[in-house]
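Please examine the arrangement of helices and strands in the structure shown below. The paragraphs that follow lead through it element by element.

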Amino acid sequence: MLSTTFGAAVYGVSAALITVEVSVLKGGFGVSVVGLPDNAVRESLQRIDAALKNGGFELSRYKTIINLAPADIRKEGSAYDLPIAVCMLTSGGKLEYEKDLKEYVILGELSLDGKLRPIKGVLPIAIEARANKLKGFILPKENALEASIVNNLDVIPVETLQEAVGFLTGEIDIKPLVTDTRDIFYHTINEYEADFSHVQGQENIKRALEIAAAGGHNAIMIGPPGAGKTMLAKRLPSILPPLTLMEALETTKIHSVAGKLDSSSSLIARRPFRNPHHTISDAALVGGGSFPQPGEISLAHNGVLFLDELPEFKRTVLEVMRQPLEERKVVISRTRLAVEFPSSFMLIASMNPCPCGYYNHPEKDCTCPPGAVEKYLNKISGPLLDRIDLHVEVTPVSFDEISSTRKNETSSEIRERVVKAREIQIERFKAFEEIHSNAMMPAEMVKKICEIGDPGKALLKKAMERLGLSARAYDRILKVSRTIADLAGTEEIRIEHLAEAIQYRSLDRENWAG
């Protein structure tokens, strides 16, 4: 007898249906798996055998062939345990199912006692199942909430092999799990624990981060230890525009593939904030592995990637980030396949001004030897620095500011201004599919969108000459000044907008570390 159902394989953030076929043939003994399985799939036979016996099921003694089609795609992981087990029972003539196996995607890893363990990549699989007009998805209970955000698909949560078999035979009635995706999304969209109202002082830094959020600009904060760089960075997601439902689904798919969603999570409704340690490897940052998995830059998609103590990161790690910063995606190529992960994120970095941390400190003296400041800064390459629009100098907060009882602006108040500025940009770039914010503008567009008058040109020329700004600062200043003008609600870029943008190019000054 032949029994057929569907499993699935995940590649990047997309899934492909895999046909699971089990045939029992008279005239031989043993079990074989074909269809390019990896070791985890081959080992599944031992798990399935134990799970079936411990579950009280009778197995066929004849030769069993298990085929995973299409045969030219490598099958990896332990998620094929459950579909193979249910097919083996019916193909051997031991059970008859009331439900049609060809109407379901069935996935799950089996324990030896028949219990099911959670799997990765459930959301893209559920989306693919619905796209192929399948009726339902039978999967471990821990993954059910994640899959249930896909409508028009019966999500059947099961805890054991016995439950799955009972549902298919009609002995157990399991109601499909239904989730109101929009209700969950809109109730959690603006919930952030950290708020800018908790930050005393640092008004100039708050302003710089508001500009960064409004234009999608990358930023770096330079200041001594304890000045509040990390605290401010962690609050940045709370002033970014809320995720759209499509952005939330895209973000959730990436975290699902990486196995970063817990059983109580369904839809990521808040912008991600990723803060990797400076000892991170190249592959962990951009993604990789023999079977490519998303890295930190993809987990930060539609959110913020915060690199604390930037010069302490290995130079090779920082350099592999340059292309994804420009293209907003990363392609990981292997011999058999190439996988693309989205990586549209805001880069926020922080660093001390020198090895001891007190260069330019208002009260403490720098103890670094001559040339140490410049050497420390040179750990960050020019091409990477070129991709950072705002350079913000952070100074320690005074006692008067710390002890002040003045009421500060909340994140929601700042967010309102940011959203209005983003709406202006969305309207401005509506004819360009790949451009949504000022930071995404290519150089040729900057000249057209960021036109300045003769007084502005004179100011910019004088600033570049007197402050020793490098040539690469020119476009960055224009982009930032365009965002400042958007926040002010003006069509033209005024002198004051340019002047404010110029002050955010600290590291471009030739005498900064002199």
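The crossing of helix 1 and helix 2 is right-handed, a crossing being left-handed if the near helix is turned anticlockwise from the far one by less than a right angle, and right-handed if clockwise. Helices (H or I, at least four residues) and strands (E, at least two) are DSSP runs, numbered from the N terminus. Two packed helices are described by the angle between their axes and the distance between the axes. Here the axes of helix 1 (residues 39–54) and helix 2 (residues 81–91) come within 10 Å and cross at roughly 55°. Helix 1 is therefore oblique to helix 2; angles under 35 degrees count as roughly parallel, over 145 as roughly antiparallel, 65 to 115 as roughly perpendicular and the rest as oblique. Axes are lines fitted to C-alpha atoms, for helices over the stretch in contact, and angles run from 0 to 180 degrees between N-to-C directions. On the side of helix 1, the contact (heavy atoms within 4.5 Å) is made by Ser44, Arg47, Ile48 and Leu52, and on the side of helix 2 by Asp81, Ile84, Ala85, Met88 and Leu89. By class, 6 nonpolar, 1 polar and 2 charged residues form this contact of helix 1 with helix 2; Ala, Val, Leu, Ile, Met, Phe, Trp, Tyr, Cys and Pro count as nonpolar, Asp, Glu, Lys and Arg as charged, and the others, Gly among them, as polar.

The model is predicted: local features need pLDDT of at least 70, side-chain atom pairs count only at pLDDT 80 or more, and totals for chains, interfaces and linings use all residues. Residues are numbered from 1 along each chain as its sequence is written, and side-chain values use heavy atoms, with hydrogens and water left out.

Leu36, in the loop between strand 3 (31–34) and helix 1, has a phi near 60°, a positive value in a residue other than glycine. At 27% relative accessibility, Leu36 counts as partly exposed; buried means under 20% relative accessible area, exposed over 50%, and partly exposed in between (1.4 Å probe, protein chains only). In the loop between strand 4 (63–69) and helix 2 lies Pro70, and the peptide bond from Ala69 to Pro70 is cis, with omega near 5°.

Attention now turns to strand 8. All 5 of the 5 residues of strand 8 (residues 136–140) are buried. Strand 8 pairs in the parallel sense with strand 5 (residues 104–106) over 3 bridges, where two strands pair if DSSP finds at least two bridges between them. Within that pairing, Ile106 stands opposite Ile138 in strand 8. Strand 8 also pairs in the parallel sense with strand 9 (residues 154–158), over 5 bridges, and Pro140 has Val158 of strand 9 as its bridge partner. The loop between helix 3 (122–131) and strand 8 contains Lys133, whose phi is near 60°, a positive value in a residue other than glycine. Lys133 counts as exposed, at 76% relative accessibility.

Strand 14 (residues 304–307) runs parallel to strand 17 and is joined to it by 4 bridges; the bridge partner of Leu307 in strand 17 is Ala349. Strand 10 and strand 17 also run parallel, joined by 4 bridges, with Ile222 opposite Met351 in strand 17. Strand 10 (residues 219–222) pairs with strand 18 in the parallel sense over 4 bridges, and Ala219 has Leu390 of strand 18 as its bridge partner.

Glu203 is in helix 7 and, at 43% relative accessibility, counts as partly exposed. Not counting residues up to four places away in sequence, Glu203 touches Arg406 and Asn408. The C-alpha atoms of Glu203 and Asn408 are separated by 9.5 Å, although the two are 205 residues apart along the chain.

For the protein as a whole, the secondary structure comes to 21 helices and 18 strands. Of its 514 residues, 53% count as buried.
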